[in-house]
Amino acid sequence: MLLKSLKKRDNELANAKRQLELLSNGVFRSGELPTFGKQLESLNQFPLKPKSLEILQINVGYMCNQVCAHCHVDAGPDRKEIMTRETMQQCLDVIKKTGAHTLDLTGGAPEMNPDFRWFVEEATKIGVKDFIVRSNLTIITANKKYYDLPDFFKKHNIHVISSMPHWTQGKTDQQRGDGVFNASIKALKMLNAVGYGMPESELKLDLVYNPSGAFLPGDQAALESDFKKALSSNFDIQFHQLFSITNLPISRFLDYLIASDNYEDYMYSLVEAFNPAAVNNVMCTNTLSVSWDGWLYDCDFNQMLELKVDSPVKHIRNFNKEALEKRTICISQHCYGCTAGAGSSCQGTVT
Amino acid sequence: MSKPYYDPSDLRKFGNITDWSEALGKKFFDYYGKVFEEGALSAREKSLIALAVSHVVKCPYCIDAYTQDGLKRGITKEEMMEAVHAGAAIESGATLVHGVQMMNKYEKLSM
């Protein structure tokens, strides 16, 4: 089981430049597989341009109580990058004027940011249509000070999206750490108890499924039905939707792919599953990602690869919607993760 | 070491069989695709049947493909192993039921 981030371990893959080099070498350098850019060119979709901004995804810090084997953020208890209240205020100023209908808070464990509750309260006052918090579930049971999170979420009508790689303990703990499955079940019961995820409830509780290994996710609807059956009959747990998300070959998942000698086969699977229809709806076309220190990225994955937006406006403090909508989206071979099969985004499939 | 007869990366080239016989290759892949669609049996059930048969016909490509297919569908390792045993039981049963032929022949030839 992992205990430390790649960064703490001084692993070469903690270096974004090194990851980008790897993603451009090997089968892509030799021409055995087409680069993502070439693939877009053949569809006359290069360069990739954004549509209008719908989702503002804010990463409030990389600190997390878990050290998941596949984490693209390389999050963990040893990560100290945390968004300050000053940067949060800059985000609030932008939320007021963007017209984006969705605000999406992620991390790390966003709840571990000391100003998390203040930020949620302030953002709620502005009133976005869909206010998401990506909660890893175990944080709710990790410490007494978090036990009231379900009530806090309810009070602010937060849309909770949580990770759950499988309905069995073995596969969940293998990806997310020992004890994670039982703690997650307990947290889901606490959320159900206040009304989250119940069939007719407006308190939205969705789950995210990431494959726990070097394979692509199967059909989202079939997985949702299997998850619902198993969680309901084994634990009496209810939830609304299941979003299946493909693991992108970056950070800790890339490290795992290389160490397990699965990297090349995985890239082949992604390229073979390339779906041109998914390109039209990739999330970078309607989302902006903000890092803990206020920089802007096309998506959370580009944030981790330190690929800032290709625009004169690069920081939340200088936010300008029109200038940003003229930008070109930064791509590399990791982008194949969002266009494989039915496509993949933080909201699940895209086709 | 000498080259093995089976190369895992050949599985990716399966579609190439169409190159030397387009009509038959195409018919086969259309049929194959249709067989594994959701029907009276679910695609999940068919995946487990395919995994069992893969073992019985001892096709390493099929075993790789349907183990991966099962993982994608969230099929557990316990389910996969039970499917392999179902295939193995039929295969060993098919051997053992011939024991009756041996017994018949033995009795016929003996005084």
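Mentor: A:Pro47 sits in the loop that runs between helix H2 (36-42) and strand S1 (55-59) of chain A; helices (H or I, at least four residues) and strands (E, at least two) are DSSP runs, numbered from the N terminus. The peptide bond leading from A:Phe46 into A:Pro47 is cis, with omega near -5°. The model is predicted: local features need pLDDT of at least 70, side-chain atom pairs count only at pLDDT 80 or more, and totals for chains, interfaces and linings use all residues. Residues are numbered from 1 along each chain as its sequence is written, while chains are lettered from A and ligands numbered from 1 in the order in which they are written.

Another cis peptide bond, with omega about 20°, links A:Gly107 to A:Gly108. A:Gly108 belongs to the loop between strand S2 (102-106) and helix H4 (116-126) of chain A.

Most residues other than glycine have a negative phi, and most peptide bonds are trans. A:Leu137, not a glycine, has a positive phi of about 75°. Its loop lies between strand S3 (130-135) and helix H5 (138-142) of chain A. A:Leu137 counts as buried because it has 26 C-beta neighbours inside 10 Å; the cut-offs are 20 or more other C-beta atoms within 10 Å for buried, 12 or fewer for exposed, and partly exposed in between, with C-beta atoms placed from the backbone.

In chain B, B:Lys58 also is not a glycine and has a positive phi, about 50°. B:Lys58 lies in the loop between helix H2 (43-56) and helix H3 (60-72) of chain B. With 9 other C-beta atoms within 10 Å, B:Lys58 is exposed.
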